[in-house]
Amino acid sequence: LVIKLLNLSSGLASILIIYNIIKDKINTKIAVIVLFVSIFIFNLRSFEYNIANSENFFTLFTLIGLLIFTKLKSNKGIFLTGLFFGIASIMKVNVLPEILVFTLYLITNNLGKELKLKSTLLYILGSIIPWILVFMQQYLLGTFKDFFDAQTSGFTYVKASDSSSLIYSFG
């Protein structure tokens, strides 16, 4: 029940972030339309087979990163965007292409060469910090091989050595 409530809360927060991004970047009328479509789409995932679906969890972190980037186009914002994309990619590896696309965006945008390089490096650093921390934790728990196998093979279960460790791969 707790995971189900977290799943629903995550979906709701994602819907609100989508609404705010579109309202700020396009207009309120389109944001309202997207809001109603998003409610339908996120609810399908929330109740699918009566399980918590990983999309609601990793989508929230991806959207938080995107929201930060739209609000703070500074080096701090770019680093935080990378950090949230990195957290999302731990939950489900299929976020990695989004990280690569955003990296290409930073490389090809119209910033000066010096700022472009610094921004790209900060984004990449933010993206890999969560992975480094999880790799270290899994190694110390003795579950690194299981975690790595789960992340690279598409399996959804990460075996843990004790019940207090976190399971990172939801999907």
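Mentor: Contact means heavy atoms within 4.5 Å. The model discussed here is predicted.

Trainee: Leaving aside neighbours within four places in sequence, which residues is I22 in contact with?

Mentor: Neighbours within four places in sequence are set aside for I22. With heavy atoms within 4.5 Å as the cut-off, the residues in contact with I22 are N27, I30, A31 and V34.

Trainee: Which element gives the most residues to the largest nonpolar core?

Mentor: The largest nonpolar core has 8 residues: I17, I18, Y19, I21, I22, A31, L60 and L63. Two or more of these residues come from helix 1 (2-25) and likewise from helix 3 (54-71). With 5 residues, the element that gives the most is helix 1.

Trainee: How many residues are in the other core, the one with I78, F85, F102 and Y123?

Mentor: This other core lies apart from the largest one. I78, F85, F102 and Y123 are among its members, and its residues number 7.

Trainee: How is helix 4 oriented relative to helix 5, roughly parallel or roughly antiparallel?

Mentor: The axes of helix 4 (residues 75-91) and helix 5 (residues 96-108) come within 9 Å and cross at roughly 160 degrees. Angles over 145 degrees count as roughly antiparallel. Therefore helix 4 and helix 5 are roughly antiparallel.

Trainee: How many nonpolar residues does the contact of helix 4 with helix 5 have?

Mentor: From helix 4, I78, T81, F85, G86 and S89 take part, and they meet L96, E98, I99, F102 and L106 of helix 5. By class, 3 residues are polar and 1 is charged, while the nonpolar residues number 6.

Methods: Residues numbered from 1 in each chain as written. Predicted model: local features only at pLDDT ≥ 70, side-chain atom pairs only at ≥ 80, totals over all residues. Heavy atoms only, no water. Core = buried A, V, L, I, M, F, W, Y, C linked by side-chain atoms within 4.5 Å. Buried < 20%, exposed > 50% of the residue type's maximum accessible area, 1.4 Å probe, protein only. Helix = DSSP H or I, 4+ residues; strand = E, 2+ residues; numbered from the N terminus. Axes fitted to C-alpha atoms, helices over the stretch in contact; angles between N-to-C directions. Parallel < 35°, antiparallel > 145°, perpendicular 65-115°, else oblique. Nonpolar A, V, L, I, M, F, W, Y, C, P; charged D, E, K, R; others polar.
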